[in-house]
Amino acid sequence: MNSAFEDFRKTVDASLEDVAEARRRRGLFRDALLAYDDIMEIVPSGAIARGTHKHPIHDVDLIAIYRDDDHIDWGQPGTSADDALEETGSRINEQLGMTHGLLDQQVRLASPRNHAVKCFLDDPDDPGAFTVDVVPAFRRDGMLLIPQSATATWIPSNPEYLIKQVAKRHAEWDKFASSVRMLKAWGAGQDTKIKSLVMEVLALEHLPVANNRPTAIAQFFSSAAWHLENGGTVEDPAKVCGEIQADLDSDAVADLLRLAADTATRALQAVRNNDPHRAISLWGEVFGPDFPAPTGLNPAAAVVATPRPVKDTPQG
């Protein structure tokens, strides 16, 4: 059983080469943006910063912290949200643009979006294109103030809180981050749309610290299902940004979690029945075809019940 979960972990985890490349690109953007005196720090964010990224890696997230005194017109309702995004995009093009970048020539397109500038290092038409997302921000009242283009305002955010909480849980149980990656893979495999951050926050709240990973994951499915079945929501753990996925079909996700919980419980019972072959098969039903299939004969099934032989022996 432990070997099966370890093999599944290797399937879910991004390769060391992909992680190294993501970090290289993150460092490239950090160096490019810190060339400007009004940017005082670059804060890594997102799944890679938390260690909860799974295969494949699609993006890297960074926050560019600007000095308040250098942009007194930003942070106010109106055009300043778009102004900050456009200015950040212009600087990325100046330093890293494909044809004329001063530091390097790697960015094909820097496109301002709602909160971030999405920078394409691969063909933007490629569905799996790798991006670096850069959010301009100020430090305010112990958190960050970031632009929201859709409403022409700036909103508070605290991504560093989640980074610290995940690090704390992983320090308590060194299988936490890799288990989160498994749960994200489960969520990505469902027909119902479930954002990966939804699975991560559910894990932060409902994945127990346990030496036995299968037991912890089975308990997670049961606890997370109960939470949604009883009207619970999945909100920003820093209590700043509200619900993480406004269009989440909570009833459908609760049903999926309950089904996974029931199957996982049967898998744990199979282990107690000394039937690891059956247990691994059941975990495969939970996680799908990427979970390794059992190998060899089923020891429990190999014991075939036969009538007790009758011997003609003298009785004394």
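Biologist: Leaving aside its neighbours within four places in sequence, with which residues is I163 in contact?

Modeller: In this predicted model, I163 lies in helix α5, which covers residues 159-172. I163 has a relative accessibility of 19%, and buried means under 20%, so I163 counts as buried. Setting aside residues within four places in sequence, the contacts of I163 are P44, S45, A49 and R50.

Biologist: What distance separates the C-alpha atoms of I163 and I48?

Modeller: Along the chain, I163 and I48 are 115 residues apart.

Biologist: Which kind of aromatic pair do F5 and F287 form?

Modeller: The structure holds 14 aromatic pairs. F5 and F287 make up one of these pairs, with 6.3 Å from centre to centre and 90° between the planes. Planes over 60 degrees apart count as edge-to-face, so the pair of F5 and F287 is edge-to-face.

Biologist: Is the pair of F8 and F287 stacked or tilted?

Modeller: The ring centres of F8 and F287 are 4.8 Å apart, and their planes stand at 45°. Planes under 30 degrees apart count as stacked and those over 60 as edge-to-face, with the rest in a third class. The pair of F8 and F287 is therefore tilted.

Biologist: Is F8 buried or exposed?

Modeller: The relative accessible area of F8 is 2%. Buried means under 20%, so F8 is buried.

Biologist: Which residues do ring pairs link into a cluster with F5, F8 and F287?

Modeller: F5 and F287 are both buried, and F287 has a relative accessibility of 10%. Ring pairs link F5, F8 and F287 into a cluster with W186, F220, F221, W283 and F291.

Biologist: Over the ring of which residue does the charged end of R25 sit?

Modeller: The residue in question is found in the loop between β4 (117-120) and β5 (131-140). The charged end of R25 is 4.4 Å from the centre of its ring, and the residue is F130.

Biologist: Are helices α6 and α7 oblique or roughly antiparallel to each other?

Modeller: Two packed helices are described by the angle between their axes and the distance between the axes. Helix α6 (residues 176-188) and helix α7 (residues 196-206) have axes 9 Å apart and pack at an angle of about 135°. Roughly antiparallel needs an angle over 145 degrees, so the arrangement of α6 and α7 is oblique.

Biologist: Is the crossing of α6 and α7 left-handed or right-handed?

Modeller: Among the residues that make the contact are F176 and V180 of α6, together with S196 and M199 of α7. The crossing in which α6 passes α7 is right-handed.

Biologist: How are α8 and α9 arranged, roughly parallel or roughly antiparallel?

Modeller: Helix α8 (residues 213-229) meets helix α9 (residues 250-272) through residues including P214 and T215 in α8 and S250 and V253 in α9. Their axes come within 8 Å and cross at roughly 150°, and α8 passes α9 in a left-handed crossing. Angles over 145 degrees fall in one class, and α8 and α9 are therefore roughly antiparallel.

Terms used
Residues are numbered from 1 along each chain as its sequence is written. This is a predicted model: local features need pLDDT of at least 70, side-chain atom pairs count only at pLDDT 80 or more; totals for chains, interfaces and linings use all residues. Side-chain values use heavy atoms; hydrogens and water are left out. Rings of Phe, Tyr and Trp (its six-membered ring) pair if their centres lie within 6.5 Å; planes under 30 degrees apart count as stacked, over 60 as edge-to-face and the rest as tilted. Buried means under 20% relative accessible area, exposed over 50%, partly exposed in between (1.4 Å probe, protein chains only). A charge sits over a ring if NZ of Lys or CZ of Arg is within 6 Å of the ring centre and within 35 degrees of the ring normal. Axes are lines fitted to C-alpha atoms, for helices over the stretch in contact, and angles run from 0 to 180 degrees between N-to-C directions. Helices (H or I, at least four residues) and strands (E, at least two) are DSSP runs, numbered from the N terminus. Angles under 35 degrees count as roughly parallel, over 145 as roughly antiparallel, 65 to 115 as roughly perpendicular and the rest as oblique. A crossing is left-handed if the near helix is turned anticlockwise from the far one by less than a right angle, and right-handed if clockwise. Contact means heavy atoms within 4.5 Å.
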